[in-house]
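Here is a short briefing to read alongside the model. Have the viewer open and follow along, topic by topic.

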Amino acid sequence: MTLYLLLLGAEAPGRVVEQHDFFFGIAESLRDLVPEVRAFWPEAGGSLHIDGWREVTKVDGFAVQVVPLDGESPVSANKLFFLNLGGYTKGKLEEQHYTMLTVQNSRQAAIQSAKKSLFFKTNSLKGIATAHIDEKYGVDVDSVHNIQDLLSPDLKAKYHIVFGDGSSMPEDEIHLGYFKLDKLK
């Protein structure tokens with residue numbers, strides 16, 4: 001089984017621009033995720049599609065593995081976090097976003113890791129609009145999520161994520177484009 005990260009897009013009713021959200025799921029193939037993706041964003045209807053995806057196998061030098069939750073599997077002190085950072089560029093009437101995955105032992109450590117990113121350091125307008133991880137913690141935090149918490153209840157009951165040495169593994173491939181759900185192979 002593989003952990004997938006999908007960038008979903010849809011033309012939401014009454015909106016001017018395409019809306020996006022991220023989805024995490026566990027499956028043997030991308031196609032196997034389609035029913036869960038549709039259940040995740042039912043109001044998107046027929047406009048729901050994938051704008052990009054990744055099999056999450058390596059993050060921060062760690063191998064990311066999905067294992068059955070059977071009581072015998074190792075439990076890791078580390079967790080996989082997804083962060084959505086927001087920032088601003090002078091003269092652009094939009095918030096820029098940067099998403100990242102990080103393996104850390106706590107939410108606070110994940111936030112500190114994000115603050116070291118190039119995006120965080122370069123997408124602030126001094127004294128006007130600072131880069132942020134929207135939510136709280138002094139610097140706003142857009143979103144910081146433990147991936148295990150974002151999985152469906154069914155998947156949480158069956159699997160958990162563990163980490164190994166991924167130093168010799170290649171980086172995950174990012175697949176970009178417009179992928180219709182009913183055309184996935």
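Ser117 sits in the loop between helix H2 (107-115) and helix H3 (118-122), where helices (H or I, at least four residues) and strands (E, at least two) are DSSP runs numbered from the N terminus. The model is a predicted one, in which local features need pLDDT of at least 70 and side-chain atom pairs count only at pLDDT 80 or more, while totals for chains, interfaces and linings use all residues. Residues are numbered from 1 along each chain as its sequence is written, and side-chain values use heavy atoms, with hydrogens and water left out.

**Ser117 and its surroundings**
- Ser117 has a relative accessible area of 12% and is therefore buried; buried means under 20%, exposed over 50%, and partly exposed in between, using a 1.4 Å probe and protein chains only.
- A polar atom of the Ser117 side chain lies 2.8 Å from the backbone oxygen of Ala114.
- Such a polar contact is a pair of N or O atoms within 3.5 Å; within protein, one must be able to donate a hydrogen and the other to accept it, and residues adjacent in sequence count only if both atoms are side-chain atoms.
- Not counting residues up to four places away in sequence, Ser117 touches Leu85 and Tyr98 (contact means heavy atoms within 4.5 Å).

**The protein as a whole**
- The protein has five helices and 10 strands.
- Of its 185 residues, 43% count as buried.
- Among contacts between residues at least 6 apart in sequence, 66% join residues at least 24 apart.

**The largest pocket**
- The largest pocket has a volume of about 580 Å³.
- Of the 24 residues that line the largest pocket, Leu7, His20, Asp21, Phe22 and Asn84 are the closest to its centre.
- For the method, a 1 Å grid is laid over the protein atoms alone: a cavity is a set of points where a 1.4 Å probe fits but cannot get out, a pocket is an open set with protein on both sides within 12 Å along at least five of seven lines, and lining residues have an atom within 4 Å of a point.
- Grid points are joined across faces, edges and corners, and a volume is the space filled by probe spheres set on the points.
- At least two lining residues each come from strand S2 (19-27), helix H1 (34-40), strand S6 (79-87), strand S7 (96-104) and strand S8 (143-146), and S2 has the largest share with six.
- The lining of the largest pocket divides into 10 nonpolar, nine polar and five charged residues; Ala, Val, Leu, Ile, Met, Phe, Trp, Tyr, Cys and Pro count as nonpolar, Asp, Glu, Lys and Arg as charged, and the others, Gly among them, as polar.

**The second largest pocket**
- About 330 Å³ of space lies in the second largest pocket.
- Its lining has 17 residues, and Leu5, Phe22, Arg54, Thr99 and Ile174 lie nearest its centre.
- Two or more lining residues come from each of strand S1 (2-10), strand S3 (49-56), strand S4 (58-59), S7 and strand S10 (174-180).
- S7 gives the most to this lining, with four residues.
- By class, the lining of the second largest pocket holds 12 nonpolar, two polar and three charged residues.

**Arg54**
- Arg54 belongs to strand S3 and counts as buried, at 17% relative accessibility.
- The Arg54 side chain reaches the backbone oxygen of Lys58 at 3.1 Å.
- Beyond its neighbours within four places in sequence, the contacts of Arg54 include Leu3, Tyr4, Leu5, Val59 and Leu101.

**The sheet S4-S5-S9**
- Three strands form an open, antiparallel sheet in the order S4-S5-S9, where two strands pair if DSSP finds at least two bridges between them.
- S4 and strand S9 (159-165) are at the edges with a single partner strand each, so one side of each has no neighbour in the sheet.
- Two bridges join S4 to strand S5 (residues 62-68), and Lys58 stands opposite Ala63 in S5.
- Ala63 counts as buried at 7% relative accessibility.
- The C-alpha atoms of Ala63 and Asp165 are 5.4 Å apart, although 102 residues separate them along the chain.
- Asp60, in the loop between S4 and S5, has a phi near 55 degrees, a positive value in a residue other than glycine.
- Asp60 counts as partly exposed, at 46% relative accessibility.
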